[in-house]
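This report describes selected features of the model shown below, beginning with the packing of helices and continuing with strands and domains.

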Amino acid sequence: MSVADEWTAEGAAKPPVAETTDVLVLGAGPAGMAAATEARAHGMRVLVLDENGAPGGQVHRAVEARLAKGAVEKRDAKDDQDKDGAKLAAAFRASGANYRPNATLWAVEPEGKVFWSEGGAARSIQAERLILCAGATERPLPIPGWTLPGVMSVGAAQIALKTGGLVPEGAVWLAGQGPLLWLYAVQALAKGGKIAGIIDLSPPGGLQRARPHLLRALKAPEYLWRGLVWQRQVKRTVRVIPARELRAEGEGRLARILVDGVAHPADLLLLHDGVVPNTQVTRAIAGLTHGWDPVQRCWRPGLDLWGNTAVPGVMVAGDSAGIGGARAAALSGRIAALEAARALGRITTDERDGRAGPLRLLRDRQLAPRLFLDAMFPPLPEAAIPDETILCRCEEVTAGRVRQAVALGCLGANQTKAFTRAGMGPCQGRICGPSVHGVIAAARGVEGGEVDPFRTRFPTKPLTLGELAALAG
Ligand SMILES: Cc1cc2nc3c(=O)[nH]c(=O)nc-3n(C[C@H](O)[C@H](O)[C@H](O)COP(=O)(O)OP(=O)(O)OC[C@H]3O[C@@H](n4cnc5c(N)ncnc54)[C@H](O)[C@@H]3O)c2cc1C
């Protein structure tokens, strides 16, 4: 039994945390697992933090548990994603990286000191190199009534499905747009779930918009093929209603949805409008620059070809650098780790370049369909969000109040926060950030890049005084 096996075996104690490490990886999704495995292959000491209880990230969530239950056949999995996940997780487990599940990073100081909470206590470590692989978050889809019990996001329902095998019951509706919505529908139906209908809110003309990118997308035809198969499979048993306007209604909980004014009984409504890079931590690091992506309408960290940010020693890989999907995330994690190995003197520049060349080619292929997909599913326009819709769920701030603040002269999200409290609650703008930002940009009639995003501050996740006190020891 290797050292890695010993401490990952059920009930075994975790290995101790040293005062320093060569590489600290945030996130044990495909990017983080691949980065850690590659970094270990070059003899570096690696610490991996992830707030989830098991490796896998979003896409390969609970893959090991499902494998153990026989839900995923190791050698003959029909689902390529689960096969990829099982392979990545096995290599990661065997790598000897010091993996800390249920560990939430909440601060990064200049010079690489990192703070996190684990088992009710805060801890810190000095890292030579950080590879931040925090993944993506769902773009919110605020509609009137979306705060009613009975309305949640497709991503949340998928987590329940992957971790607990839970399928929703009753009159279940899916609404919004994007590949994850169709994937979830396939997964829920395969588990015996029933779906009353899909409200397709995608802006019309998707194929015409995407056509100029088709040739490039065909470099990785499996993505388009898979999308078509999902849609065909779902449409065989589920009605799809193209619509422009959606409302959720009910007395104390969801009872019905109004689709372009037509009422349908509803027990559960699952909303989705694509995913955006998770920049909660990178935006809080002083000097780390971000750029506006006008197509995906989101912020992403400014990076060089290797994943280096403007802050020496801090790198970003995977979907938190820009949405690219699981395979591209794993490849970018490996590329970042090779650069870390070069920076720490473990390999030469020539060795790094030689090893990274084929990985780059593979990543380019994986990224080939992005422009096509982005053109098919542009984010829904925030200008269309009705005034009475709540944007900030923590502080119950409506789109109308944000627009009033703009009318009073607020130019960015931080000024608007001071006027309305939007983004000031426990989630610190993690959920409402993209909508508040988009509503401000639309109200001002400018591109999103001209509007400041919420400034995030450490601690980026809620932290108790008790946890903090552990640092004194
Ligand atoms: C809700 C949701 C569901 C998705 N489902 C699918 C799917 O089924 N199929 C698919 O192809 N793509 C899916 N995606 C897209 C998918 O996330 C990516 O393509 C892929 O998982 C990206 O890999 P990653 O390693 O970059 O990030 P992720 O897989 O998201 O991994 C990031 C990890 O970082 C951890 N983390 C983040 N912040 C902190 C912190 N402060 N402290 C500690 N840990 C932290 C998270 O717990 C997570 O495990 C989904 C995205 C979302 C948002």
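In this predicted model, helices α2 and α10 cross in the right-handed sense. Helix α2 covers residues 30–41 and helix α10 covers residues 326–343; the two pack at an angle of about 35°, with 7 Å between their axes. On the α2 side, the residues in contact are P30, A31, G32, A34, A35, E38 and A39. They meet A326, A329, A330, S332, G333, R334, A336, A337, L338, A340 and A341 of α10. Sorted by class, this contact holds 13 nonpolar, three polar and two charged residues.

A further helix pair is formed by α13 (residues 399–407) and α14 (residues 413–420), which pack at an angle of about 110° with their axes 10 Å apart. Because angles of 65 to 115 degrees count as roughly perpendicular, α13 and α14 are described as roughly perpendicular to each other. Their crossing is right-handed. Residues R401, V402 and A405 of α13 make the contact with T416, F419 and T420 of α14. By class, three nonpolar, two polar and one charged residues take part in the contact of α13 with α14.

| Helix pair | Angle | Axis separation |
|---|---|---|
| α2 and α10 | about 35° | 7 Å |
| α13 and α14 | about 110° | 10 Å |

Turning to the strands, β12, β13 and β14 form an open sheet in that order, with antiparallel pairing. Strands β12 (246–249) and β14 (262–265) lie at the edges and have a single partner strand each, so one side of each has no neighbour in the sheet. From one strand to the next, the twist averages 25°. Strand β13 (residues 256–259) is joined to β14 by four bridges, and the two run antiparallel. Within this pairing, L258 has A263 of β14 as its bridge partner.

Strands β17 (residues 290–293) and β18 (residues 298–301) also pair in the antiparallel sense, over four bridges. D293 is positioned opposite C298 in β18. The two strands form a hairpin with four residues between them, and R297 in the turn has a positive phi of about 45°.

At the level of the chain, the domain assignment gives three entries: domain 1 (3–137 + 277–347), domain 2 (140–273) and domain 3 (382–450). The centres of domain 1 and domain 2, taken over C-alpha atoms, are separated by 29 Å.

Terms used: Residues numbered from 1 in each chain as written. Predicted model: local features only at pLDDT ≥ 70, side-chain atom pairs only at ≥ 80, totals over all residues. Axes fitted to C-alpha atoms, helices over the stretch in contact; angles between N-to-C directions. Parallel < 35°, antiparallel > 145°, perpendicular 65-115°, else oblique. Left-handed = near helix turned anticlockwise from the far one by under 90°. Contact = placed C-beta atoms within 7 Å. Nonpolar A, V, L, I, M, F, W, Y, C, P; charged D, E, K, R; others polar. Domains from an automatic or database assignment. Pairing = 2+ DSSP bridges.
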